[in-house]
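Hi,

Here is the structure I promised to pass on. Have a look, and then read my notes below.

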Amino acid sequence: MAPGLLHFMLLAALLQLLSTTSAATAGDVATGSEKVHVAIYYESLCPFSIRFVANHLVKAYRDGLLDAADLTLVPYGNAVVGSDGTISCQHGPEECLLNTVEACAIEAWPDVKVHLGFIYCVSDLVMKNKHREWESCFQKQGLDPKAVTECYKGERGHNLSLEYGRQTHELVPPHQFVPWVVIDGKPLLDNYRNFEAYICKASKGYPLKACQDLGLEADNDVYGRL
C-alpha cells in the first residue's frame, strides 16, 4: 500500500473515532445537565400567589437555583370560562386583566429573567395595594410596552388566557389551590414553599453549590408523600 494512501486511511479512522467520542460525550453532558421542569400555576391578585412570587420564586432566581430549572408560569388560577367564552376570575375583573397582561408578557419576552422581573414588579405593587399602577413596571424594568399592550387589548391576550385555562384544567391531579407548584410532573401540594429543596433534589448536573450555600437538603422521601 502506498504511504500516502495509508496516511489518508489512518487520518480518516482517527477523525471518525474523535467524532464518535465527541458525540457520546455530548450525549452524556446533555443527560447529566437535564433541567428540572418547574411549573407554577397562580393568579395575579391572590395573596398567596403574589407572596410566593415575591418571597420565594424571585429569591430562588437570585440564588441561582433557577439556572437548574425550566420554569413555566401559568397566570390563570381559579378562573372560570363561561359558555360565551368570557373569563371570570376569583378576584374580579382586575385580576383577569393582570392575568392577561402577565400572559402577554410571558409571550412577548420569552426569556424567563425578563418576564419574571416584570411579573415580580407587578406582584410587588399588588402587595403594596398599588396594582392599578402596574403599567409603571414597563419603565421600571426598561421594557417597551408596545407588544404587551397590543396583546392584552386585542384578541391575542384573550386567547392566551383561554390556553392557560386549558392547561390548568388539564392538570392531573387537579389543582386544589394556588399557587400550585409542579416539579417534574409532581405537585408539591401544601409543601410548595419548600420548592427550592425539591429543585435541589431533582437537579441533575446543575449547580448544587447553590443548594449547599443555602443549606438546602430535600427530604429523602420528598416525593413519597404525593
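In what order do the four strands of the open sheet come? The order is S2-S1-S5-S6, with mixed pairing; strands here are DSSP E runs of at least two residues, and helices are H or I runs of at least four, both numbered from the N terminus. Two strands pair if DSSP finds at least two bridges between them.

Before going on, a word on the source: this is a predicted model, where local features need pLDDT of at least 70 and side-chain atom pairs count only at pLDDT 80 or more, while totals for chains, interfaces and linings use all residues. Residues are numbered from 1 along each chain as its sequence is written, and side-chain values use heavy atoms, leaving out hydrogens and water.

Back to the sheet. S5 (residues 180–183) and S6 are antiparallel, joined over two bridges, and Ile183 has Lys186 in S6 as its bridge partner. Helix H3 (residues 93–108) packs on the sheet and touches S1 (36–42) and S2, contact meaning heavy atoms within 4.5 Å.

Now the helix pair. The axes of H2 (residues 47–62) and H4 (residues 112–127) come within 9 Å and cross at roughly 145 degrees; axes are lines fitted to C-alpha atoms over the stretch in contact, with angles from 0 to 180 degrees between N-to-C directions. Among the residues making this contact are Leu57 of H2 and Leu116 of H4.

Finally, Leu73 touches Leu57 and Leu116, among others, not counting residues up to four places away in sequence.

Best wishes
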